[in-house]
Amino acid sequence: MLDLFAKCDYERLRIVEKKGIYPYFHTLQSRQAPIVQMEGKRIIMLGSNNYLGYTEDENVIAAGHAALDRYGTGVSGSRFLNGTLDLHLELEEALAQFTGYETAMTCSTGFQTNLAIISAICGPHDYIINDRENHASIYDACRLSYATMLRYKHSDMEDLERQLQSVPESAGCLIVTDGVFSMRGDICKLPEICALAKKYGARVMVDDAHGFGVLGPGGRGTAAHFGLTDQVDITMLTFSKSLASLGGCMLTSKFVSDYLRHVSRPFIFSASLTPCSAATALAALRRLEAEPERPKRLMQLAAYFREGLKKAGVKIIEAPTPIVPIYTYKTLDTLYYGKRLFDEGVYVNPVVAPGCVEGECLLRTTLMASHTEAILDEAVEIISRVLQQGVPADLYDGIETRLKL
């Protein structure tokens, strides 16, 4: 019998570590902020999803302290049984009102939210059609649903229609797309998706993890950005990004929510959102309501940063969001640049397969509304200098091509 753990001899990891360019699992020693302390160093943070900068907002922090004092550290049960707090209901009502949906249903993480929605709403006789660049949690949710999964080329509406045409008349169909794609930073073609869904009788779900707090009037998200909230049947969003907390929620009709609350295994059999997480998400939402200009400031900074990189000769993927990807193409190049930038005082996220297609690796940078132009100027100077220096001539020495590094 084959040893189950034989796969754990991860040769790629050993090679990268030996070359001294392993760029992951750096230790943070301060709050998520434009400037952080990591492993004893001052680091410009360009790898956080703290889009609105609320992780260091004193009102948000105070709300977390108050929830700990009132409710304790956890609920020790699922929402279905003993784990529903009045705080959960208040958060759900506030989210529904803010986004224009009938109701909201919270879950303990964003990943779990996608599992809870898709695995319950779809079954073995249904079809799910995914954009190829959807988040990994969506793909795992599709597997858990046992539905037939089809994929269309990224933002290719002709390919989406071809996939829709292949779905049997007797089957239910859900089109799922990221609102803002987490690697490229581009926005889905939601008007075209909704039009095709209407034409073929499909339902539409948007994962708005990176769109909420960023796009739309006052940060209300991708559906609001296009004025299509009434045509998107389900929106999923997370609290770990713009809402500076942990968790996620489904926004939909009461009709759909009532069903999922009673049949969704990931929802029913998971402990509910901790009081602190719920309170901080609610406080961040109230801050966003009071500061509708904050998402605009974020977008202005992103545009400023993109322009600075282009002027410095850095090749980026053009996208109108706070996600600014820098092309590096090769896996080893990407890991090397990620490590070098950290050493020079800038944290970015090196993205390699399976996070992207092999040969299209990149450094993903993300902006916060709390960044300043001066900080971004400093980051641009460091990034352009490191990239212009290139990679060492011996970087690929001793690496077999079968490792695809």
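Which element gives the largest share of the lining of the largest pocket? In this predicted model, that element is H5, with five residues.

The largest pocket holds about 1200 Å³ of space. Its lining comprises 49 residues, of which Met 183, Val 352, Pro 354, Gly 355 and Cys 356 lie closest to the centre. Two or more lining residues come from each of helix H1 (11-18), helix H4 (110-121), helix H5 (136-145), strand E8 (234-238), strand E12 (349-351) and strand E13 (361-366). Sorted by class, this lining contains 25 nonpolar, 12 polar and 12 charged residues.

The second largest pocket has a volume of about 370 Å³. Arg 203, Asp 233, Ile 234, Thr 252 and Val 256 are the closest to its centre among 20 lining residues. Strand E6 (173-178) and helix H9 (254-263) each contribute at least two residues to that lining, which divides into nine nonpolar, six polar and five charged residues.

Four aromatic pairs occur in the structure. Two of them are tabulated here.

| Pair | Centre distance | Plane angle | Arrangement |
|---|---|---|---|
| Tyr 22 and Tyr 24 | 5.6 Å | 80° | edge-to-face |
| Tyr 327 and Tyr 329 | 5.0 Å | 10° | stacked |

Tyr 22 is partly exposed at 26% relative accessible area, and Tyr 24 is likewise partly exposed at 27%.

The charged end of Lys 41 sits over the ring of Phe 342, 5.6 Å from the ring centre. Lys 330 lies over the face of Tyr 396, at 5.6 Å from the ring centre.

Definitions and conventions: Residues numbered from 1 in each chain as written. Predicted model: local features only at pLDDT ≥ 70, side-chain atom pairs only at ≥ 80, totals over all residues. Heavy atoms only, no water. 1 Å grid on protein atoms, 1.4 Å probe; cavity = no way out; pocket = protein on both sides within 12 Å on 5 of 7 lines; lining within 4 Å. Points joined across faces, edges and corners; volume = space filled by probe spheres on them. Helix = DSSP H or I, 4+ residues; strand = E, 2+ residues; numbered from the N terminus. Nonpolar A, V, L, I, M, F, W, Y, C, P; charged D, E, K, R; others polar. Phe/Tyr/Trp six-rings, centres within 6.5 Å; stacked < 30°, edge-to-face > 60°. Buried < 20%, exposed > 50% of the residue type's maximum accessible area, 1.4 Å probe, protein only. Lys NZ or Arg CZ within 6 Å of the ring centre and 35° of its normal.
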